[in-house]
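Please examine the protein chain shown here. A briefing on its architecture accompanies it.

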Amino acid sequence: LKAFTLVALNTGMRRNEILALTHQMIDRANRLVRLTTTKNHEARAVHLNDTAFAAIESLPRRLDGKLWPWTPNQASMAFQRAVRRAGIPDFRLHDLRHTFASYQAMAGTTGKALQELVGHKDGRMTARYTHLSADFLRAAINAVQLGGTPANSGAQGRRQGVTQTVTVVTKPL
């Protein structure tokens, strides 16, 4: 279950996309997976970061070529049991997809790139998947300060060693 969770968390793939993976779908040289069966019926390539690639490589080879031994329901139930044992309230397997999208957005992945990573046809759906943390939004608002003098708050909430002065010139209407 750990490898499955790491792949979900680091690729943003849907549960059924992950469960459908076979060794033949993995392009190890380019570190990507070629999905042929997706929810929106369009084939796509999913790039694997080091963590997702290592998780896949850690799996024992199965005779049937599949990576996972579970049906969709079995995977969801196993995940729910693990979440319950960990004491995490109100968290579903699909939430890993939202977590992936949110962390990608907070790392600077935007627009079309984020949409492609999660495999959405419509950017509005991608926007629904991204949930920005309060710390991220606080850092974003403090990164640009126009006019006035920022309050001396020490290193807290500011990037240390970075000072930026922005002059705003306005024209009368």
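The briefing below covers the overall composition, the sheet, the helix packing and selected residues.

This is a predicted model, in which local features need pLDDT of at least 70 and side-chain atom pairs count only at pLDDT 80 or more, whereas totals for chains, interfaces and linings use all residues. Residues are numbered from 1 along each chain as its sequence is written, and side-chain values use heavy atoms, with hydrogens and water left out. The protein chain contains 8 helices and 3 strands; helices (H or I, at least four residues) and strands (E, at least two) are DSSP runs, numbered from the N terminus.

**Overall composition**

- Read from the N terminus, the order of elements in the protein chain is α-α-β-β-β-α-α-α-α-α-α.
- Of the 173 residues in the protein chain, 33% are buried; buried means under 20% relative accessible area, exposed means over 50%, and partly exposed lies in between (1.4 Å probe, protein chains only).
- Contacts in the protein chain between residues at least 6 apart in sequence include 54% that join residues at least 24 apart; contact means heavy atoms within 4.5 Å.

**The sheet**

- The 3 strands form an open sheet in the order β1-β2-β3, with antiparallel pairing; two strands pair if DSSP finds at least two bridges between them.
- Strands β1 (26-27) and β3 are at the edges and have a single partner strand each, so one side of each lacks a neighbour in the sheet.
- Strands β1 and β2 run antiparallel and are joined by 2 bridges, and D27 stands opposite L32 in β2.
- Strand β2 (residues 32-35) pairs with β3 in the antiparallel sense over 4 bridges, and L35 has R44 in β3 as its bridge partner.
- In a regular strand the side chains alternate between the two faces of the sheet.

**Helix packing: α1 with α3**

- Helix α1 (residues 2-11) packs against helix α3 (residues 50-57) at an angle of about 155°, with the axes 8 Å apart; axes are lines fitted to C-alpha atoms, for helices over the stretch in contact, and angles run from 0 to 180 degrees between N-to-C directions.
- Helices α1 and α3 are therefore roughly antiparallel to each other; angles under 35 degrees count as roughly parallel, over 145 as roughly antiparallel, 65 to 115 as roughly perpendicular and the rest as oblique.
- The crossing of α1 past α3 is left-handed, which is the term used if the near helix is turned anticlockwise from the far one by less than a right angle, right-handed being the term if clockwise.
- Residues A3, L6, V7, N10 and T11 of α1 make the contact with T51, A52, A55 and I56 of α3.
- The contact of α1 with α3 comprises 6 nonpolar, 3 polar and no charged residues; Ala, Val, Leu, Ile, Met, Phe, Trp, Tyr, Cys and Pro count as nonpolar, Asp, Glu, Lys and Arg as charged, and the others, Gly among them, as polar.

- Helix α5 and helix α6 (residues 111-118) pack at about 155°, with their axes 11 Å apart, which makes α5 roughly antiparallel to α6.
- Helix α5 passes α6 in a right-handed crossing.
- The contact joins R97, F100, A101, Q104 and A105 of α5 to L114, L117 and V118 of α6, with 6 nonpolar, 1 polar and 1 charged residues by class.

**Selected residues**

- I56 lies in helix α3 and counts as buried because its relative accessibility is 1%.
- Beyond its neighbours within four places in sequence, I56 is in contact with V7, I26, L48 and L67.
- The C-alpha atoms of I56 and L21 are 10.0 Å apart in space, and these residues are 35 apart in sequence.
- Most residues other than glycine have a negative phi.
- R31, which is not a glycine, has a positive phi of about 50°; R31 is in the loop between β1 and β2 and counts as partly exposed at 31% relative accessibility.
- D90 also has a positive phi, near 50°; D90 is in the loop between α4 (72-86) and α5 (95-106) and counts as exposed at 76% relative accessibility.
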